[in-house]
Amino acid sequence: MDIFLQQVVSGLATGGIYASLALALVMIYQATDVVNFAQGEMAMFSTYLAWSMLNAGLPYWVAFAATLALAFVGGLLIERIVIRPVENAPVLAVVIVCIGLLVILNSVAGWIYSYIQKPFPSPFPNAPIKLGNVVFGAHDLGAIGITLVVLLFLYVFFRYTTLGLAMRAAAQNPVSSRLCGVRVGWMLAIGWGLAALVGAVAGIMVAPIVFLDPNMMAGILIYAFASATLGGFTSPGGAVVGGLLVGVIENLVGTYVRFIGTELKLTVALAIIVIVLVVKPSGLFGRVVVRRV
Amino acid sequence: MRFRTVALSLTVVATLALAAWAGAADTPGVTATEVKIGHTNPYSGNASAYGTIGKVITAYFKKANEEGGVNGRKINFVTYDDAYSPPKTVEMVRKLVEQDQVAFVFNTLGTPTNSAIHKYMNQQKVPHLFLATGATKWGDPEHFPWTMGWQPTYQTEGKIYAQYILNNVPNAKVGILYQNDDYGKDYVKGLKDGLGDAAKKIIVMEQTYEATDATIDSQIVNLKNSGANVFYNVTIPKYAVQAIKKTHDIGWKPLHLLNNVSASVGQVMKPVGSDASRGILTTQYLKDPTDPQWKNDKGYQDWLAFMKKYYPEGNVEDAFNVYGYSAAQTMVQVLKQCGNDLSRESIMKQAASLKDFMLPMALPGIKVNTGPKDFYPIEQEQLAKFDGERWVLFGEVYDASKK
């Protein structure tokens, strides 16, 4: 029983990592209708900015806030400069541009900061927390908490603010939105900025666990995709639940299902993507999107 | 008299030039003034912590060239990034052999990556020398006469840990985490062979991970719950830091045996912090650059001067920079022994004729020896313990060739 509980808790901790990045994926999908393959690398790059500022001696939360601001501006610029020219191109073209962005950001980070892994500080206490026989790091708990705060922020933003509503409208029906006076182009740019900001939070929370290096997001991105697919690409809450579920499923299957073991853990994530797409393409909490063709 | 001297010198010069030309015609990548060497290394990807090895080798060959080259020839070192991905290694090595026409391939890094080119190199009969991996299979001259390892094998290292466990840990219960490929399995085999009949009883759990995994937290949790009091950690640096940190975070305090592959102070022990890394054991065969006992050692001082002059951006606390330096020195020694005959056969023959070659950065007493049937250049190692700052050597130098 102990091992079951410990694996569940450990799964929730890793699931929290997946959830935070999945949230950024969902965010950009909601705001711009694009699945952003470069999301992980954008988060990684933002984390390096935070690292540089911390190294320059800025206090943690100042560096945190400054990183979010820079990430927002960076995301905005990426949309204006890189994505805008392919705005009306077929989906595949946008996907390719995103993958190009992924490779560029990865290499530039490696070029500037080298591929040596760096420790990244956590704002939470270092001592492990014990509940009965279950032990976990304070950072794991804190990271999940911060992900939930971001989720709450997004929920309120998209549901109750004019800007949030205008952004959703612009993503789903650009033509009608424009007719209603929404500046669609800017909405998309702000959407990229916000997604980059959410990604930066994810990166800063992930780095203390997996250590900072240009490839830190590579493995995580696949799990984040599985999480977002499971929870539903149209539902921020779903992405978080999906992330936690994927983390726990991955651990339990790896521990208890003999033939999968730890060797096929990544395969579990991919299987989740395929099964969800076949059985319930909109995910657990997603809205079914109907389009007139 | 004067005429005869001139004629004689002319003849000698002509013969030498002819000999050089003849050698050049025979072997791709070899001319009268140059020898071209190929190399792959993960400059990017999950194993990019090893990227510095390629850089330090490049720097060392630059030094060798500035000092006049080897037997008058400059080394042209062509190095490509394979991101520790076997299909990419195949692509890059074929490019090296078929397009760049290198004389031979040297110190390609990684067990899965080298496995992917193992047969190809032997079919093409291109020397595949001093691989940066300690898998046991690289020392098989009967079936793979063109491939030779360099560092002590993972099995040797595993046996040393086994001996330590048997002699020092009563009621040992060993939990193992290893990378699910030839590299990981070699380490596990060494440990099991060393433990002998006791292995079944002593090893209580084995967990694996893939080099593409996001985290290895779940495995560490399982190992802790298995009740193990010895943790045999067979991981590459990216996962080694995670494993050490997680072990500490969940309050597991086993005797921690870390494979030499990740025993870099700069890349692993420092990032993870001294609280989590104190007390970890490993084995070493090279002088650790952070160990103050080498401060006045000639070998260390030469290495430091080399780093400052030829690779100033390199980390002088990183043991991988000692590794690449020593491997490159072994390579230069082989080229020296070849004299003017740089045919591929001759290169293999000289690689298999190293006799008591001393590396200035190897631990005292460790010598490089090879023979026609001995394709394991370094076979001696010593245990070391991390004191929170650096590795402290203890015990005797263990010699695998004698047991």
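**Figure 1. The end of helix H10 in chain B.** Helix H10 of chain B is followed by B:Gly273, a residue with a positive phi, near 95 degrees. The model shown here and in the other views is predicted. H10(B) covers residues 265–272 and is mostly covered, with seven of its eight residues buried. The buried residues are B:Val265, B:Gly266, B:Gln267, B:Val268, B:Met269, B:Pro271 and B:Val272.

Figure 2. Chain B contains 14 helices and 11 strands. Its C-alpha trace spans about 85 × 45 × 40 Å along the principal axes. The radius of gyration of chain B is 22 Å, which agrees with the value near 22 Å for a compact globule with 403 residues. Of these 403 residues, 55% count as buried. Among contacts in chain B between residues at least 6 apart in sequence, 69% join residues at least 24 apart.

**Figure 3. Packing of helices H10 and H11 in chain A.** Helix H10 (residues 236–256) of chain A packs with helix H11 (residues 265–279) of chain A at an angle of about 130 degrees, and their axes are 9 Å apart. H10(A) is therefore oblique to H11(A). The two helices, H10(A) and H11(A), have a right-handed crossing.

**Figure 4. Residues where H10(A) meets H11(A).** On the H10(A) side, the residues are A:Val246, A:Ile249, A:Glu250, A:Val253 and A:Gly254. They meet A:Lys265, A:Val268, A:Ala269 and A:Ile272 of H11(A). By class, this contact of H10(A) with H11(A) has six nonpolar residues, one polar residue and two charged residues.

**Figure 5. The side of chain A that touches chain B.** The contact takes 32 residues from chain A and 32 residues from chain B. On the chain A side, the elements that give two or more residues are helix H1 (2–32), strand S2 (134–137), helix H8 (184–210), helix H9 (218–231), H10 and H11. Of these, H1(A) gives the most, with eight residues. The residues on this side of chain A divide into 13 nonpolar, 14 polar and five charged.

Methods:
Residues numbered from 1 in each chain as written. Chains lettered and ligands numbered in written order. Predicted model: local features only at pLDDT ≥ 70, side-chain atom pairs only at ≥ 80, totals over all residues. Axes fitted to C-alpha atoms, helices over the stretch in contact; angles between N-to-C directions. Helix = DSSP H or I, 4+ residues; strand = E, 2+ residues; numbered from the N terminus. Parallel < 35°, antiparallel > 145°, perpendicular 65-115°, else oblique. Left-handed = near helix turned anticlockwise from the far one by under 90°. Contact = placed C-beta atoms within 7 Å. Nonpolar A, V, L, I, M, F, W, Y, C, P; charged D, E, K, R; others polar. Buried ≥ 20, exposed ≤ 12 C-beta atoms within 10 Å, placed from the backbone. Rg over C-alpha atoms; globule rule 2.2 N^0.38 Å.
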